[in-house]
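Thanks for coming, everyone. Let me put the structure up on the screen, and then I'll walk you through a few spots in it.

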Amino acid sequence: MKSPHPLDPGRLDALREQRAASRAASSAAQDKIREIHRQRSLVERDIGLLWADTTQNRRAMDSREMNAKLAELELKKSALTEEMKEATAKADPVTERAQSIGTLYRSCAEFLGVDPNA
Amino acid sequence: MREMTASIAKTLSNARSVSNVIGDSLAQIRSQIDDLKFRRDEIEALPVAAEVAVDRAEKWAEREVAQARQAAPTPSYFSVSQKMWAEVYMPNCEPGAILLAYMGEAFVESVKMQVKAAYGDDRGTTEKQRLGLLAQNDAEILAAELAEEAIVRHAERQGFKIDRRRDADPRAVLAHESALP
């Protein structure tokens, strides 16, 4: 495919910058989701430990105290689940944008005969 | 303070109206691009020229007849040995192949006539005409994409962040400023 009009190869640099920025934004959004996921896994582990703990610790723990502790952890888990939903909803369009600009950058680089991965 | 607030409000209002104008213009040009791409599919799907259609149909019919004549090469295929005669007539070969083998020429002519009748007064589209229409359509799509790119760059200069389409034409995205409308 040839161009019937003059091109400005410098435009590819501008696109590359946009691609880098959108990739960084997408990466940050994914990092946030991973971090929330990690925190929720820790809470789930604590809940599991509490239920599985048949040792003296549990026996020593008053059932009211145990229920309170469980309720607190479940609440924390729910909050983190909600937070993850919100983070995912925010991350989806960011990721979509990054993929879109990535695809466009690739086709423009290939059109100019430039390695898109360079 | 009141003046400053009014000034900020006016700036915001202006920014909103600029943003709306950019958004509307982009939506309009993108819709035009979609229409033009749809038109391209229509051009590609236009019926071929009548003589090409007749030629293709004739070749197909002749192939079918040739295959049938391999399956039923002699008139004896109409009959079976006397020992085989039972209450019903049962030829050695399926009737379609026999018909094609012995009435092949009439079948080919009939197919050609049917195709011509289907075209009627319409002569279809020659390959040259199709290529011409596609070239014209390509030029129109590129012009629309250049207009779109001009809007995007104008918006970027105004500080608005506009996402380009992922399937935008590289010739438009990489166009020199002098090429933009």
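Let's start with one residue: is B:Asn137 buried or exposed? Keep in mind as we go that this is a predicted model. B:Asn137 has a relative accessibility of 2%, and buried means under 20%, so B:Asn137 counts as buried. You'll find B:Asn137 in helix α5 of chain B, which covers residues 127-157. And what is B:Asn137 in contact with, once we leave aside its neighbours within four places in sequence? The list is B:Leu36, B:Arg39, B:Arg40 and B:Ile43.

Staying in that helix, have a look at B:Arg130, also part of α5 of chain B. B:Arg130 has a relative accessible area of 8%, so B:Arg130 is buried as well. Setting aside neighbours within four places in sequence, B:Arg130 is in contact with a run of residues from B:Ile43 through B:Glu44, B:Ala45, B:Leu46 and B:Pro47 to B:Val48, and with B:Thr125. Now pick out B:Ala27: its C-alpha atom is 29 Å from that of B:Arg130, and the two residues are 103 apart along the chain.

Okay, zooming out to chain B as a whole. How many helices and strands does chain B have? Six helices and zero strands, and reading along the sequence you get α-α-α-α-α-α. Of the 181 residues in chain B, 33% are buried. Then take the contacts in chain B between residues at least 6 apart in sequence: 77% of those join residues at least 24 apart.

Next up is α3 of chain B, residues 95-102, where B:Ala97, B:Ile98, B:Leu100 and B:Ala101 are buried. Why do we say these four sit on the same side of α3(B)? Because the arc they cover around the axis is only 165 degrees.

In soluble globular proteins, nonpolar side chains tend to be buried together. Here, the largest nonpolar core has 18 residues. Which of them touch the most other members? Those are B:Ala53, B:Ala68, B:Ala72, B:Cys93, B:Val111, B:Val115 and B:Tyr119. The elements giving two or more residues to this core are α2, α3 and α4 of chain B, and α2(B) has the largest share, with seven residues. Apart from this core lies another one, of 13 residues, and its members include A:Ala29, A:Leu70, A:Leu73 and A:Leu80.

While we're on chain A, a quick stop at A:Ala118, in the segment after α3 of that chain. A:Ala118 has a relative accessible area of 67%, and exposed means over 50%, so A:Ala118 is exposed. Its C-alpha atom is 43 Å from that of A:Arg45, a residue 73 places away along the chain.

The largest pocket has a volume of about 300 Å³. Its lining has 14 residues, and the closest to the pocket's centre are A:Gln18, A:Ser22 and A:Arg97, together with B:Lys161 and B:Asp163. From chain A, α1 (10-52) and α3 (63-112) each supply at least two residues of that lining. By class, the pocket lining splits into six nonpolar, three polar and five charged residues.

And how many cavities of 30 Å³ or more turn up in a search of the whole structure? One. About 40 Å³ of space lies in the largest cavity. Among the residues lining the cavity are B:Glu145, B:Glu148, B:Glu149 and B:Val152, and also B:Arg164 and B:Arg165. α5 and α6 (170-173) of chain B each supply at least two lining residues, with α5(B) giving the most, four residues. The cavity lining has five charged, four nonpolar and no polar residues.

That's the tour, so over to you for questions.

Terms used
Residues are numbered from 1 along each chain as its sequence is written. Chains are lettered from A and ligands numbered from 1 in the order in which they are written. This is a predicted model: local features need pLDDT of at least 70, side-chain atom pairs count only at pLDDT 80 or more; totals for chains, interfaces and linings use all residues. Side-chain values use heavy atoms; hydrogens and water are left out. Buried means under 20% relative accessible area, exposed over 50%, partly exposed in between (1.4 Å probe, protein chains only). Contact means heavy atoms within 4.5 Å. The arc is that of the directions from the helix axis to the C-beta atoms. On a 1 Å grid over the protein atoms alone, a cavity is a set of points where a 1.4 Å probe fits but cannot get out, and a pocket is an open set with protein on both sides within 12 Å along at least five of seven lines; lining residues have an atom within 4 Å of a point. Grid points are joined across faces, edges and corners, and a volume is the space filled by probe spheres set on the points. Ala, Val, Leu, Ile, Met, Phe, Trp, Tyr, Cys and Pro count as nonpolar, Asp, Glu, Lys and Arg as charged, and the others, Gly among them, as polar. A nonpolar core is a set of buried Ala, Val, Leu, Ile, Met, Phe, Trp, Tyr and Cys residues joined through side-chain atoms within 4.5 Å.
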